[in-house]
Amino acid sequence: KDDTTDTIQTDAGLRTPIVAVLGHVDHGKTSLLDKVRGSAVIEGEAGAITQHIGATAVPLDVVSQVAGSLVDPEEFDLPGLLFIDTPGHHSFTTLRSRGGALADIAILVVDVNDGFQPQTEEAIRILQDSQTPFVVAANKVDTVPGWQVDEDAPIKQTYEAQSDRVRQQLDESLYSIIGELSDAGFSSDLYWRLQNFQNNIGVIPVSAKTGEGIPDLLAVLMGLAQRYMKEEMEIDVTGPGAGTILEVKEEQGFGKTLDVILYDGTVRASDTIVVGGQNGPIVTDVRALLKPRPLAEIRTEKRFEKVDELAAAAGMKIAAPDLEDAMAGAPVRVVRDRDLDDVVEEVQAELAEVAVDTGEE
Ligand code: GDP
C-alpha cells in the first residue's frame, strides 16, 4: 500500500489552500469547524476526508459533494481545502510562514444576534495587517425566531423558504454586519450578490448547528482560492519541505515530537531538518514521520502510523532527537540537497521575526 496516496495533491503541483477560523468567543468557531468536518465525513466516501495532525483536509470531490450544484469539480484544479483545527487569534498570529500568515484564507465568524464584538474588531485588524483574504460566516441563522430548519441546505434555498417576517429579521442582522464591515473599511455584501470577491467581502449566512449555508461556505472558499490564489498554490511538490510548528508534544514511544503544518514541498522519513528553537536553529534527523491512524484501526492502541513521505499542504507529526528547545510558531525546513548553512541561516532569520512578534503580543 502506498502511504502517500492520501496526501492530496495534483500533477499540476498545486497545493491545498490553508484555511483558518477567527471570531469573537462563543460566536461558533469550534462548532463551525466541527460541522465542516462532520459534513465532509458524511458526504465523503469512507476515508475520503483525510485526518491530519492539527488540521482537516477536505478534498475537492468532498467539497463538491457537500456543495452540490454550487461547485462543479471540473472548474477547479486546486485539490481541496485544509482547515487548521485550532480556531482563534492566538493560533492565527503565532502560525506564520515566511513572514506572512500561515493561513492563506480566513473565515471570520460573526454571531447574527451579537454582531461585531471586541474580538471581531481585533480579528479584522489581524486580517488586515497580515493581508489575509477572508469571508464572513454570519452564524446562528437558525436562532432567528420562527426559523424553519432545512438541514445542510444551501442558504439561498432555505432563506427563500422562510416567512417574510423571519427573512426581514435576518436581513436586519445581516445588514448591520455589512454596515460594521463598512465602518471597518471593507466593502461587503451577501455573497450571492457579489461579482468580484477581490475588492469585496462575501457574507455567507450559515448555521453551524443545522449545517445550513455550509455548502455555500465551502463553495465560496473554494472559488476564492481558485480565482485569486492559484499562483500562490503553485509549489514544487517534490522539493524540500517548509512548515510551521503548531505544537511541541511529548508522545509515548517517540519522546518530544513536533506537530507541523507543511505549506511547501515534502518531508521524508529520511530527511535532515532544521527546526526553530529557543536558543536558535536545531539541526536534527527525522526519526519518524507520523499521521493519525484511520479511525477504523484506532483500537490497535497505536494512534499514529509511520509514513515515508508527506507533501504540502498537510498536518503531520515529526519525531526526532534534540527537540527539547523547539517552539510553537517556529519554522521547520528540510535540508535535502541544499547547503546546510543556508538552511540554518533561513531558519535563524525567521526565528528573529517570531521572537519580535511574540514580544509585541
Ligand atoms: P467559539 O467560542 O467561537 O468556538 O464558539 P462555540 O463553537 O463553542 O459555540 C458557542 C455556543 O454557541 C455553543 O453553545 C454552540 O453550541 C452554540 N452555537 C454555535 N453555532 C451555533 C449555531 O449555528 N446555532 C445555534 N443555535 N447555536 C450555535
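Which polar backbone atom is 2.8 Å from an oxygen atom of the ligand? In this predicted model, the backbone atom in question belongs to Asp26. Of the 580 Å² that the ligand exposes when taken alone, the protein buries 70%.

The shell around the ligand comprises 15 residues. Asp26, Lys29, Thr30, Ser31 and Asp142 are the closest of these. Helix H1, which spans residues 29–43, contributes three residues to the shell, the most of any element. Sorted by class, eight residues of the shell are polar, five are charged and two are nonpolar.

Rolling a probe the size of a water molecule over the atoms shows where empty space is left. Two cavities of 30 Å³ or more were counted. The second largest cavity holds about 40 Å³ of space. Its lining consists of Arg96, Ser97, Gly99, Gly329, Glu350, Glu353 and Val354. Strand E5 (96–97) and helix H8 (340–360) each supply at least two residues of this lining, and H8 gives the most, with three. By class, the lining of the second largest cavity has three charged, three polar and one nonpolar residue.

Phe134 lies in strand E8 (residues 134–139), whereas Phe186 lies in the loop between helix H6 (164–183) and strand E9 (188–190), so the pair ties together parts that are 52 residues apart in sequence.

Two features of backbone geometry were also noted. Most residues other than glycine have a negative phi, and most peptide bonds are trans. Lys140, a residue other than glycine, has a positive phi, near 70°. Lys140 is located in the loop between E8 and helix H5 (155–160). The peptide bond from Ala312 to Ala313 is cis, and its omega is near -10°. Ala313 is placed in the loop between strand E18 (309–311) and strand E19 (314–319).

Note on methods:
Residues are numbered from 1 along each chain as its sequence is written. This is a predicted model: local features need pLDDT of at least 70, side-chain atom pairs count only at pLDDT 80 or more; totals for chains, interfaces and linings use all residues. Side-chain values use heavy atoms; hydrogens and water are left out. A residue is near a molecule or strand if one of its heavy atoms lies within 4 Å of it. A polar contact is a pair of N or O atoms within 3.5 Å; within protein, one must be able to donate a hydrogen and the other to accept it, and residues adjacent in sequence count only if both atoms are side-chain atoms. Accessible areas come from the Shrake-Rupley method with a 1.4 Å probe; for residues, only the protein chains shown count as cover. Helices (H or I, at least four residues) and strands (E, at least two) are DSSP runs, numbered from the N terminus. Ala, Val, Leu, Ile, Met, Phe, Trp, Tyr, Cys and Pro count as nonpolar, Asp, Glu, Lys and Arg as charged, and the others, Gly among them, as polar. On a 1 Å grid over the protein atoms alone, a cavity is a set of points where a 1.4 Å probe fits but cannot get out, and a pocket is an open set with protein on both sides within 12 Å along at least five of seven lines; lining residues have an atom within 4 Å of a point. Grid points are joined across faces, edges and corners, and a volume is the space filled by probe spheres set on the points.
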